[in-house]
2 protein chains.
Amino acid sequence: VVTVLNGRLVDEAGHIDRLARSLREVDMPWPVSRRVLGMVMRELVRRNHIRNGLLYLQITRGVAPRDFKFPARARPVLVMTARPTDLDQVENVEHGVRVITIPDIRWKRRDIKSVALLPQVLGKQRAAEAGAFEAWQVDEDGFVTEGCSSNAWIVTGGNVLVTRHATTMILNGITRQSILRLAGEHGAAFEERAFTVAEAYGAREAFLTSATNFVMPVTRIDDYVVGDGQSGALTLALRRAYIEYAAGKGASA
Amino acid sequence: VVTVLNGRLVDEAGHIDRLARSLREVDMPWPVSRRVLGMVMRELVRRNHIRNGLLYLQITRGVAPRDFKFPARARPVLVMTARPTDLDQVENVEHGVRVITIPDIRWKRRDIKSVALLPQVLGKQRAAEAGAFEAWQVDEDGFVTEGCSSNAWIVTGGNVLVTRHATTMILNGITRQSILRLAGEHGAAFEERAFTVAEAYGAREAFLTSATNFVMPVTRIDDYVVGDGQSGALTLALRRAYIEYAAGKGASA
C-alpha cells in the first residue's frame, strides 16, 4: 500500500525497494520492469483522479494448477487498484489512540511482505473487539516486535526515540525508515533496539507509524496511560515533519 | 483437498470436521450448513464425472474493502473445484521417495488450515530443487514437526510406529488420523510423540501421509538411507490397509 498525497505517491522509491526485496526473497520474477512499474503506478493515480488516497499493488506468480512448488511456465500477474480515502484523523491525532499487546505468533520471515496476513488479521480483530486502534505484538522474551499493520515506537524519559531494529523479526516499514531519517535530520536522539512491554508502559511518549497513518500518537497501552495521557510533543513534531516531507519534496512528481 | 476414489470422497467426515475447527478458530461463519456442504461436494464430484481425482474447497469471509479487521456485513464465499488426477504412483511407492529436512519457520497456529501457505511453498520448492519429494520441517529443538503438505512418520528398530502428537505445532492430517486408527485395528504398536532428525536417520522405516499420497514410503532422508533403503514392510501394509479402507467401507456413498 502506497499513500497518495496531493496526487503524489509518498515514498514511492522506498516502497518499490521493499517490493524488490520481497520478490527476491521468495524468488518471484518482476511482472514488468521497475521503471515501468513506477510509470503504471503514477498513471493509475492520474487516470483515477486520486488526490488523496491509497494505491494497492499485488503480484502473484501467475496462473497455474494448484501445487506447492513454483509453476514452471506461469507469467507473473500484477494487480493494482487506487481509491480516494479521507486521510484526516483529527480526533485520533489530538487524543492519541489505544493499543493492546498480544503474543507475536507469526512466521519467522516477517521482513517479507506477502498476503499471508492471517495472524495480523486475527490480531487487528482482537484490537477492534477491545476497542483499541492496533495490537502490538510481543515476542517470546517480552519485547515488542511491531503492530499488526504498523511499526511501534516509544520515547524514553531521557527523550530518546526507540523503535525495534529491522531484522527478519519485523517488516521494515517505509514510513519507519523515513521517520528515522527525519529524526536524524532534526537532531533527535534515537536508538534502533527492542523494548519491553514494561518499558512501553512507562514511556514518556509512544506512537505508531504506517503508510496510511503516518505518525499516530499512542496514549494508552493495554490499561496503562502513556506519559501524561496526551499526544507527545516529539510525536507531533515528527508527524508534522513527515507530512511536510510527504506532501512535498520527498514524493515523486 | 479431499481425494476422490472410485467416485467417493475419502474421509469426508474427517475433512469437514477439520474445516469446522479451522472456521471456528478464525471466527469465520459457514457459507452453507455442514449438511448442505457435503451434498454440494458429492454433487460436484458426480456432475464432473470424477472417478479418481481431487476436490478442492476454499472459504473466504466474503467481498469487502481491504482491511485487517473482519468485515461487518460480508457474506462468506465458497469456491469448490474438482478434477481427475492420476493416483498411480507406482515408481514412488516401489522405491520410496527422498525427503530433505529444513527449519520450521511457520506461525504458531499450524493446526489451522488456511491459504497462508508461503513457508510451505518455499519449503516444497527447496525440496524440488534438491530433487526430493518433500521437505520435513524441524522445530528449534531439533524435532521433526511435519512435511510441507504431509505428516511425517517413522518406524523404530523395535517396530513401533511414531508420529508427532497433534498440537498447535502441526496440522492434524485426516489421513494421519485414519492411519492411527487402522494401526490400532491391526494391532500395530504406535506412539504419538516428537522424534528428532537423528532418530529419523536411524529409523527402520519412514513414510509420509497426505490426502493425495495416502501412505508414501520414505527411503532417504537428507543424505541418509533409511533402513535397508527399500520401502518398509509395515509402511506397505499400512498403505494397503488405507487404500482398502478409502476405496470401500470408510468412504461416503
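Two strands pair if DSSP finds at least two bridges between them, and the strands themselves (E, at least two residues), like the helices (H or I, at least four), are DSSP runs numbered from the N terminus. With that in hand, take strand E1 (residues 2-5) of chain A and strand E3 (residues 53-60) of chain A: they pair in the antiparallel sense over three bridges. A:Val2 is the residue that stands opposite A:Leu55 in E3(A).

Before going on, a word on the ground rules. This is a predicted model, in which local features need pLDDT of at least 70 and side-chain atom pairs count only at pLDDT 80 or more, while totals for chains, interfaces and linings use all residues. Residues are numbered from 1 along each chain as its sequence is written, chains are lettered from A and ligands numbered from 1 in the order in which they are written, and side-chain values use heavy atoms, with hydrogens and water left out.

Back to chain A and its overall build. Chain A holds seven helices and 13 strands. Its C-alpha atoms fill a box of roughly 55 × 40 × 35 Å along the principal axes. The radius of gyration, taken over C-alpha atoms, can be set against a globule rule of 2.2 Å times the number of residues to the power 0.38. For 253 residues a compact globule would come out near 18 Å, and chain A has 19 Å, so the two agree.

Now widen the view from the E1-E3 pair in chain A. Four strands make an open sheet there, in the order E2-E1-E3-E4, and the pairing is antiparallel. Strand E2 (8-9) and strand E4 (77-84) of chain A stand at the edges with a single partner strand each, so one side of each has no neighbour in the sheet. Helix H2 (residues 34-47) of chain A lies across E1, E2, E3 and E4 of chain A and runs at about 35° to E4(A); angles here run from 0 to 180 degrees between N-to-C directions, and axes are lines fitted to C-alpha atoms, for helices over the stretch in contact.

On the H1(A) side the contact (heavy atoms within 4.5 Å) is made by A:Glu12, A:Ala13, A:Ile16, A:Asp17 and A:Leu19, and on the H2(A) side by A:Arg34, A:Leu37, A:Gly38, A:Met41 and A:Arg42. Those residues divide into five nonpolar, one polar and four charged, where Ala, Val, Leu, Ile, Met, Phe, Trp, Tyr, Cys and Pro count as nonpolar, Asp, Glu, Lys and Arg as charged, and the others, Gly among them, as polar.

Over in chain B, an open sheet of four strands has the order E2-E1-E3-E4, with antiparallel pairing. Strand E3 (residues 53-60) of chain B and E4(B) pair over eight bridges, with B:Gly53 opposite B:Pro84 in E4(B). H2(B) packs on this sheet, and its direction makes about 30° with that of E4(B).

Helix H5 (residues 174-185) of chain B and helix H7 (residues 233-247) of chain B pack at about 110°, with their axes 10 Å apart, which makes H5(B) roughly perpendicular to H7(B). Among the residues that meet here are B:Ile179 and B:Leu182 in H5(B) and B:Tyr242 and B:Tyr245 in H7(B).

Conventions. Angles under 35 degrees count as roughly parallel, over 145 as roughly antiparallel, 65 to 115 as roughly perpendicular and the rest as oblique.
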